[in-house]
Amino acid sequence: MHTIPGYDVAGVVVKVGNEVKKLKEGDEVYGDINEKPLQPPKQFGSLAEYTAVEEKLLALKPKNIDFVQAAGLPLAIQTAYEGLEKSGFSSGKSILVLGGAGGVGSLVIQVCLIIG
């Protein structure tokens, strides 16, 4: 069986299944379709014109970002957030972000600014 690589995705919903409740055709969405990263890849990845994905792995794309920006967020923001969680970072604490100009590092800085 062939697999299509890729996990971060952004696009427009073109068809929904019978059990889909929160999304509809025409919705602009983004997400990380790799629900279980330690298992072998699913058949359908995001490096394709179309892909099939479970509704729970997608969110509505914010209106103030384009599809390219949205597609670059899911794994990077998840990595940044989990790193801050594991470090015990909270409001009022200081943190040194090495590589703060990169994808994950820049998001760590943004999340820290929001947390305070």
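Analyst: Let us begin with Gly100, which, once neighbours within four places in sequence are set aside, is in contact (heavy atoms within 4.5 Å) with Gly105, Ser106 and Ile109. This is a predicted model, where local features need pLDDT of at least 70 and side-chain atom pairs count only at pLDDT 80 or more, while totals for chains, interfaces and linings use all residues. Residues are numbered from 1 along each chain as its sequence is written, and side-chain values use heavy atoms, with hydrogens and water left out.

User: Where does Gly100 sit?

Analyst: Gly100 lies in the loop between α2 and α3, with helices (H or I, at least four residues) and strands (E, at least two) taken as DSSP runs numbered from the N terminus. Its C-alpha atom is separated by 9.9 Å from that of Gln110, 10 residues apart along the chain.

User: And Phe89, is that buried or exposed?

Analyst: Phe89 is buried, since its relative accessible area is 13%; buried means under 20%, exposed over 50% and partly exposed in between, using a 1.4 Å probe and protein chains only. Phe89 is also found in the loop between α2 and α3, the latter being residues 103–115.

User: What does Phe89 touch?

Analyst: Not counting residues up to four places away in sequence, Phe89 touches Leu84, Ser94, Ile95, Cys112 and Ile115. For Phe89 and Cys112, which are 23 residues apart along the chain, the C-alpha atoms are separated by 8.3 Å.

User: Let's zoom out. What pattern does the chain follow?

Analyst: Along the sequence the pattern is β-β-β-α-α-α, with 3 helices and 3 strands in the chain. Of the 116 residues, 26% are buried, and the C-alpha trace spans about 45 × 35 × 25 Å along its principal axes.

User: How are the strands arranged?

Analyst: They form an open sheet of 3 strands in the order β1-β2-β3, with antiparallel pairing, where two strands pair if DSSP finds at least two bridges between them. The edge strands are β1 and β3, each pairing on one side only. Neighbouring strands of this sheet are turned by 25 degrees against each other on average, direction ignored; axes here are lines fitted to C-alpha atoms, for helices over the stretch in contact, and angles run from 0 to 180 degrees between N-to-C directions.

User: Which helix packs on the sheet?

Analyst: That is α2, which touches β1 and β2 and whose direction makes about 50 degrees with that of β2.

User: What lines the largest pocket?

Analyst: It is lined by 22 residues, and Val12, Val13, Thr51, Val53 and Leu58 lie nearest its centre. Strand β1 (residues 8–12) gives the most to this lining, with 4 residues.

User: And which residues line the second largest pocket?

Analyst: The second largest pocket, with a volume of about 160 Å³, has Tyr30, Gly31, Asp32, Leu57, Leu58, Ala59, Leu73, Pro74, Ile77 and Gln78 in its lining. In β3, Leu58 is the bridge partner of Gly31.

How values were computed
1 Å grid on protein atoms, 1.4 Å probe; cavity = no way out; pocket = protein on both sides within 12 Å on 5 of 7 lines; lining within 4 Å. Points joined across faces, edges and corners; volume = space filled by probe spheres on them.
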